[in-house]
Amino acid sequence: MLDVAALFASDYATSRQRFREAASALGLALEAYSIGKRGPDGNDLTIEVAMTPGIDAEHTLVISSGLHGVEGFLGAAVQLGLLRAWYANDASLPRVRCVLLHALNPFGFAWRRRVNEMNVDLNRNLLQDGESFRGSPSGYSALDGLLNPRQAPSRWEPVTLKFLLAIARHGMPALKQSIASGQYDYPQGLFYGGDSPSRTNEILSMHFDRWLAGSRRVVHIDLHTGLGAWATCKLLIDYPLSKSHRQRLSRWFGPDTFECTHTPVVAYRTRGSFGQWCAARNRSRDYLYAAAEFGTCNPLRVLAGLRAENQAHHWGLADSASSERAKQQLVALFCPRAESWRIQVLEQGMRLVHNAIDALLEPSQLTN
Ligand SMILES: [Zn+2]
């Protein structure tokens, strides 16, 4: 039985401490990378990396959490659940190399934001060589006023009604694309990809190859929340998926568990995602990345929560009651308090990782 209360931390600092203790108890090698910012407690904010030293380096499991800051509450709970389960099982680690990346956006996790210290969505900041930090979907400018009001949030604003009117006027596809694609022109707006590589981007670029050194086959689960139906899990892949990867995903996790969002013809292609970055960087390996999305609330509620928190951050008073309310609401939208949600998503997340380990241990089929 999972001890849910002990696995979900109440804040980033507690999560990091538990992650470090559980990894140390298993004898994992730990590394920490400062992003040069401080948390609400005044302490340095770091990305933590735990690795199994020297075990079957050919096959590697990567589990990452918190690329979207506040979404790290669940991702870190899954990581801690795995570490504690391995420890409880006579401290026996899986027979594959494990690389656990805790809080890829420590600022967002600590300060309860989805974005980093520069208002950047890190899943749009990992651009490839030759791509520029400029451009937006054509519909974004029309939605800027709706998505990014230049004022503190108000409890009495009929936000849902405004969203519904915008959907009636612009169509759901335009709204969806503005949100899913990211933008590089509105630094204080939602879904901003930044104007230069973030500190997380630099840290990943500097160390990723070393963490995977010698590895030929990799399965990477990047944990997210906030998209999809309540307490369900879907694997999202936004880079071209080979036929063999498609077949393997279906066999490993089930035919309806994943969705490839990369299509050859789109009006504005999403750029700078972690999945695309991993795929481009690891062409010499059999590398399969999937963003595991655990659903929470209605998407318009999630969008309203993101909007209010962004308003509070840029236009509200930092320590006001309305800012605190916006932060608490954001956490509740990306990590609901309901115990039934927490149990279900933790169980699914851990099962997903166990399936990924079994998949890595099956006889190699290099038929890309
Ligand atoms: Zn996310």
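Start with helix H10 (residues 274-281) and colour its buried residues: Phe-274, Gly-275, Gln-276, Trp-277 and Cys-278. They pack against strand E3 (59-65), H8, strand E5 (217-225) and strand E8 (286-294). Buried means under 20% relative accessible area, exposed means over 50%, and partly exposed lies in between, with a 1.4 Å probe and protein chains only. Helices (H or I, at least four residues) and strands (E, at least two) are DSSP runs, numbered from the N terminus.

The model is predicted: local features need pLDDT of at least 70, side-chain atom pairs count only at pLDDT 80 or more, and totals for chains, interfaces and linings use all residues. Residues are numbered from 1 along each chain as its sequence is written, and side-chain values use heavy atoms, with hydrogens and water left out.

Next select Phe-208 and Trp-211. Both lie in helix H8 (residues 199-211), 3 residues apart, about one turn of the helix. An α-helix has 3.6 residues a turn, so residues three or four places apart point the same way. Are Phe-208 and Trp-211 buried or exposed? Both are buried.

The whole structure holds 13 aromatic pairs. Phe-208 and Trp-211 form an edge-to-face pair, at 6.1 Å centre to centre and 65° between the planes. Rings of Phe, Tyr and Trp (its six-membered ring) pair if their centres lie within 6.5 Å; planes under 30 degrees apart count as stacked, over 60 as edge-to-face and the rest as tilted.

**The nonpolar core**

Now show the largest nonpolar core, which has 106 residues. Such a core is a set of buried Ala, Val, Leu, Ile, Met, Phe, Trp, Tyr and Cys residues joined through side-chain atoms within 4.5 Å. Which residues have the most contacts inside it? They are Phe-8, Leu-61, Leu-83, Phe-208, Trp-211 and Phe-274. Helix H13 (residues 339-361) gives the largest share of this core, 10 residues. In soluble globular proteins, nonpolar side chains tend to be buried together.

Centre on Phe-8. Beyond its neighbours within four places in sequence, its contacts (heavy atoms within 4.5 Å) include Arg-18, Phe-73, Leu-74, Trp-341 and Arg-342. The charged end of Arg-342 sits over the ring of Phe-8, 4.6 Å from its centre. This term requires NZ of Lys or CZ of Arg within 6 Å of the ring centre and within 35 degrees of the ring normal.

Stay on helix H13 and pick Ser-340. Ser-340 counts as partly exposed because its relative accessibility is 41%.

**The zinc ion**

Move to the zinc ion. Which atoms coordinate it? The donors are His-68 (ND1), Glu-71 (OE), Glu-71 (OE) and His-224 (ND1), at 2.0 to 2.7 Å. Donors are N, O and S atoms within 2.8 Å of the metal (3.2 Å for Na, K and Ca); water is not among the atoms, so sites may look incomplete. Along the chain the zinc donors follow the spacing H-x2-E-x152-H. His-68 and Glu-71 are buried.

Why is the arrangement irregular? The 4 donor atoms subtend angles of 52 to 144° around the zinc ion, which makes it irregular. Four donors count as tetrahedral if all angles lie between 85 and 135 degrees; four count as square planar and six as octahedral if opposite donors are over 155 degrees apart and all others between 65 and 115; anything else is irregular.

**Two alanines in loops**

Select Ala-91, in the loop between helix H3 (72-88) and strand E4 (97-102). Its phi is near 55°, a positive value in a residue other than glycine. Ala-91 counts as partly exposed, at 36% relative accessibility.

Then go to Ala-103, in the loop between E4 and helix H4 (106-110). Phi of Ala-103 is also positive, near 60°, and the residue counts as buried, at 0% relative accessibility. Most residues other than glycine have a negative phi, and most peptide bonds are trans.

**Last stop: Thr-46**

Thr-46 lies in strand E2 (residues 44-51) and counts as buried, at 8% relative accessibility.
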